[in-house]
Amino acid sequence: MFWQIFTFELKYRIKRPATWAYFGILALFGCFIFAAGGISGSEKAHINSPFIISAILGIMSIFGILISAAVMGVPVYRDEEHKVKHYYFTYPISESGYLLGRYFGSMLILFLISIGFHVGVILGVMIGPGLGFEEPERFAAINLWHHIQPSMTIFWPNLIFTGTLFFALVALTRKVFISYVGSVLFLIGYLLAINLSGDLDNQHLAALLDPFGINAFNDITKYWTPVEQNTLVAPLTGDFLTNRLIWLIASALVLGFTLFRFDFTKFVTGGKKGKKVKAVAAETSQKNLLDILPSVNLSFSNSLFVSQLFSQGWLEFKNILVDWYFRAMIIGGVIFLGVDAYMGNKIYGTPSLPLTNYMIESKNGTYIIFVFIILIFFTGEVVHRDKTLKFSQITDALPVPNWVTYGSKFWALTLVCIFMATLVIVVGVFSQTLQGYFNYEFGKYFTDLYLLELPNYLQLTMLAFFVHIMVNKKFLGHIVSIGIWLVLFGINSIGEFNYNMALYSYRPGYRISDMNGFGHFFEAQNSFNIYWLAFGGILLLIGNLFWNRGSESSWKSRLKLAKQRYNKRTLVWMIGLLVLWIGTGAFIYNNVSVKNTWMTSKEGEKRRADFEKKYSKYKHLTQPKITKVTVNVDIFPQERRVLAKGDFVIVNKTAIPIDTLHFNMAGSRPKILEATIDGEELKPGILDTVFNYHRYVMPKTMNYGDTMLMHLTIESAHKGFPNEGFGSDIVDNGTFFNTSIFPSMGYSTQGELTSDLDRKKYDLGVKEYGLPEQTDSIGTCHLLFDDDADYVDYEAIVSTDPDQIAISPGYLQREWEENGRKYFHYKMDSPMLNFYNFCSAKYAVTKDVWKGDSQTVNIEIYHHPTHTQNIDRFIKSVKVSMDYYTQNFSPFQFRQMRILEFPRYANFAQSFANTVPYSEDFGWVGDFSDPEDTDYAFNVTAHEVAHQWWAHQVTPSATRGSNQISESMAEYAALMVLKEEYGEEAIFKFLEYEVNSYLRGRSGESKFEKTLMDNDNQAYVWYRKGGSILYALQDYITADSLNLAFANYIKAAAFRAEAPFTTTLEWFDFIQAKTPDSLRYFLDDSFHKITLYENRMKEATYTDLGNDEYEVTLKFDSQKIYYDGNGKELERGLTPNLLEIGIFAEDGKNETGMTKKMPLFHEKRWIEPGEQSMTIRVKGKPVKAGIDPYNKMIDRVSDDNLMNCEEGE
Amino acid sequence: MQLTITNLDKVYPNGVHAIKNVNLTISNGMFGLLGPNGAGKSSLMRTISTLQEADSGSVFLDDMDVLKDKDGVRRILGYLPQEFGVYPKVTALTMLDHIASLKGIANKKERKEVVEALLQKVNLWQHRNKNLGTYSGGMKQRFGIAQALLGNPKLIIVDEPTAGLDPTERNRFHNLLSEIGENTIVILSTHIVEDVTNLCENMAIICEGSVVAEGNPTELVKEVQGNIWEKSIEKSELDAYQAKYNVISTQLKAGKKEIHVWSDSQPDASFTEARATLEDVYFHHIAENSSVPI
């Protein structure tokens, strides 16, 4: 019995077009993803590496829910749908034979469909190299095992699970609707769970509970280096194996339950039960039965038509609201909005206050996907509703003009758009209230959602509406609509073409800030919105002509109808919309392509290559050094314009005579209005306005020691709006720009292409390092941050609008008002780096004073008036930093420390001399109420203050590894300050982030990982590895020793006025001097090599000895592994390492309320590599024990260092 | 009023010639369209109801060009399609009120009156507040009738209106039709011959797209009287008779077959002259014009 049903199912399904449609969709998808470059990661990782294939198969299983619901939901439902059940079940077949036959038949088909994906992938990999999205060397040869293994461990078990689930749901409920809604809800639920489980402390639980095994897979693979990604498949062991078994057994149980519960009779009879109809008392109030129908007056006026339009639209809208699919999607969207709004903007795991800005931005999270799906899907529903219901035969013959029906449909969808936009506000306000935040900024909400976002939703709808009308088939309409978006998306993100005017409904990005509100973005946003609404209007107008009214759908009759409908009014509208569209188009074009420049990313790449080819010959050209800077900068915030005049004293510090000056401008915006040397006009030799690299002839040759005065007048102004980019340096409120407004002298390697593949493409030769070796004589002659000067004297007069404060490094000498403008005169009384900023905003100022043993420092915080809640943290951090750094390193070189807030167009803080501009998003609005959360405002402030020593006092040379001297040192210093204030627990929490970022950084490395000694461009090494290594080092040799080494280093290297400047070689010498010989191995492992530990507990048991004494036996494995820069294992360490062993009681809390480990035993011991055991006696009941329990060493699996103790035999 | 159809022709994209050069003149009163399944009745009715285009020919309602002035036609039209659906989650009352407003009844009070009256006429009054999705086939059909009669239509086109109605409801519908004012054209398609006999002053028989007969039912019956002959035969003899005579219909009667044969004179003595009915007219014309044997 089973066999006949099984084979019939196979034969039936194999001929169904749907089967091949799904197969084709998956194949297309696979082909598209892989041909276009797959998931971007390291350049060194293959596009079709087994890791990527596995990861994408995991993602495909999530979206495969929809396909498995469609395939596995129908086999039983088919008999219900076509009413076959009424006789089919009278045949002599058994229930289990029937069910299993259908189940296995369909499951086999599902597997067949799943192969479509692999076919697509293989095809994609074969054609990919030819298409040119990615370099041919990024595609590896096809290895079938890399397809089969992940399919067997990930893809197919997941299909079995979801397929079984939906099969069971439909078989038991008889409702295919359950399977559709269920699939969407399941999908939503799953994405949500993934989102939330990221915060789960218990990674094992998260790994086991995930029905798709993605968490377990990620735990295994997250830190894989490119080499590992290219060669390994995730081994089916541990949590991954357990997970797969759990969910396969779950599938079997679900199937078993279905077999047990399924019953033919119920299936046949149960369907009709439904709700009990309320017995309506037959109303005898048949009133006066008229013989003749009352006569009525008919009227057909435009006003009636309009009211018909709205009432019909409303009816249509209500029909959408009661749709269960709609409700399911809305619930999903709301959940995601809520999660995005609630989880919000986390930095280092610490939440931000639920500002209206963040609430609004939650619309761009997962919610936008729901908006897309809802709008496309329900546009189809609305357009085709009457036809689908066969009600159109009646409505089409009613005496309403086309435009009324047509308009009513669009009006209903407009209401849906308004509804979707309003939801963002409702959820936002709800979320804020829930978090006890009541500063609802309704002005921002309404402006953003109704003025800026709603038009975008309408544009989406207009296109979908047009497509559905023209295609005139619901399903095909959905496919075409989604297809158009995929194509647009593909052109934009894969084709890297971002010209917004050419991509329907695209517009430049913008950002709302507390400081600058909607800023300067309205003009661009509104222009683009009008431009696309006009275009959408044209589509609607065409759609109206082809609106399918009546019973025929052939193109012949639709064309005929369109001709009948076409009239003067259509023409007038068409011309009007065209004029509007072309008009705004011209306006936008003038802004983005005439007043501003736009180029594709390919053009940008080529430009960088050409620039290098043309000018890199001047790399070592000798240019003078600036020794004194006096600037006059006028900021015009409203006009977004700056006029900057600078007098620079320049000197030739070399023996090589200088007769040309090379000016390298940061961009095309700053214009040189005037340039003189010693009062004589500088004559341009060659003005290169393509690359903004200009060569001037010096009026007089500069010989060694010659000093001249260079004067420059620069104007920089934003004109119109660009295609993309915030243009955030000069804004209404919150201007922040730096030295780069003036040209830099000579060629800079900063703009050179770095990717090996890109460089090969342009015949540039691989560039392994951006900086020369530490011993290089030219490199040590220049400073890392700026080669135009060593130390300079600095003075600035900055003017701005009268209601703003303008700031630049130095001490305020005088402020005054003149000609309706406010002037500020700053002067620095000691030499500083040639690196200065200009900020201007409507600031409120909070002042404080730090008093040290022999020093007093004025602390000034310039902030947005409403951002007051965390100011104490900034001030506290400055004070604790001053304490720590002056005691341990050296005195502070300035008398004042200032922190300035700037708008959230960028998210960083930067340390200039006595001045730190600090992004609005980076602490000012953080919510630090939970003591378990990292106080990153405190930490980042400490880091920036530390740069006053490490970068401003010790100024590293332009050689490899120099960044470690500024960044690793600042990171280390900040950690020590954090420890002072928050205790060591806060450090461990922070180090977790550091190590995680480091390991992730190296797994995505496109060149090769560099060491602390020679790293010149890898931030994950200089911040993350540097911080954690230096912290571990002070743990080994004591903070006092290490700090003494740094204090000695400062003594030797600080304020070095002349080359050669300091390098990592010098830095390392000081560190090494304070490190005992026994620990030299750690220095070597950490600074010269790439070394990871694999410490793992195997067993922890204790025996109760009485008297609260216990004997604990730990069994563990310890390995130390060396890697090359590509992440390939080189060798394993064979000598003992000094590692911590710890035994702990229950966790407690520290003074600040943070969870703290309570050690019963805690000691460093020399541990031989390999498996071993150790017995230790402790007082107090042991709960946990581990090796390197605080994760002070870098270890890819950090959570197996510690385990719970169990009572032994 | 008079509806004049001249040389109307329509070929569907799939090649079906649905309307072949149809010429008809229809005056006030009830006009019946008879024809087998797929004869083109619905196509013709849809064309008059503005729902589809004709390839050639014209349709005029007095001076109004039906094929061009669609809005004009729709304002006086009441149309019940052969097959239609409803919004499942809307009540009959709401839906009829909405349709009434679309038909141009702007006055709320009038609309309420006429909708309520119609609901009573079609016997849906007690179900007026139920969602249309819960309606049975017959109730849905009555809802369709009600919507067609909304707004004093002058041209009523009903496509198989009594399909699915029980005998009581069918009678009720016939009564309702007969109440409709005099100055109205009612075109009714059916394949129940009896309906036409009972209701229509005029009729046409359509077969494979063409009008094969037209006129007053009684007149048409008269025309064939004398040409219809009947005989009772064994089932097994049927083939032989069909080969020899122009058999227009067969019917089982007490285990035997009663056949009607068309002939100008008595075929042979075993045949007796039948009392002609409209059914004979129908079968005769169909037999004569159909390319497939009945």
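Modeller: Two residues are in contact if their C-beta atoms, placed from the backbone, lie within 7 Å. This is a predicted model, in which local features need pLDDT of at least 70 and side-chain atom pairs count only at pLDDT 80 or more, while totals for chains, interfaces and linings use all residues. Residues are numbered from 1 along each chain as its sequence is written, and chains are lettered from A and ligands numbered from 1 in the order in which they are written.

Biologist: Which element gives the most to the side of chain A that touches chain B?

Modeller: In total, 40 residues of chain A are in contact with 40 residues of chain B. Helices (DSSP runs of H or I, at least four residues) and strands (E, at least two) are numbered from the N terminus. Two or more residues on the chain A side come from each of α13 (302-321), α17 (392-395) and α22 (555-565) of chain A. The element that gives the most, with five residues, is α13(A).

Biologist: How many residues of domain 2 of chain A are in contact with domain 1 of chain A?

Modeller: An automatic or database assignment sets the domain bounds, and in chain A domain 1 covers 2-270 and domain 2 covers 304-595. Their C-alpha centres lie 32 Å apart. Domain 1 of chain A brings twelve residues to the contact, and the number from domain 2 of chain A is nine.

Biologist: Are α6(A) and α11(A) roughly parallel or roughly antiparallel?

Modeller: Helix α6 (145-173) and helix α11 (238-261) of chain A pack with their axes 9 Å apart, at an angle of about 20 degrees. Axes are lines fitted to C-alpha atoms over the stretch in contact, and angles run from 0 to 180 degrees between N-to-C directions. Angles under 35 degrees count as roughly parallel, over 145 as roughly antiparallel, 65 to 115 as roughly perpendicular and the rest as oblique. The angle therefore makes α6(A) and α11(A) roughly parallel.

Biologist: Which strands of chain B stand at the edges, each with a single partner strand?

Modeller: Strands pair if DSSP finds at least two bridges between them. The open sheet of four strands in chain B has the order β2-β1-β4-β5, with antiparallel pairing. One side of each edge strand has no neighbour in the sheet, because each has a single partner: these are β2 (17-27) and β5 (64-65) of chain B.

Biologist: Which residue in β2(B) is the bridge partner of Thr4(B)?

Modeller: Strand β1 (residues 2-11) of chain B runs antiparallel to β2(B), and seven bridges join them. In β2(B), the partner of Thr4(B) is Thr25(B).
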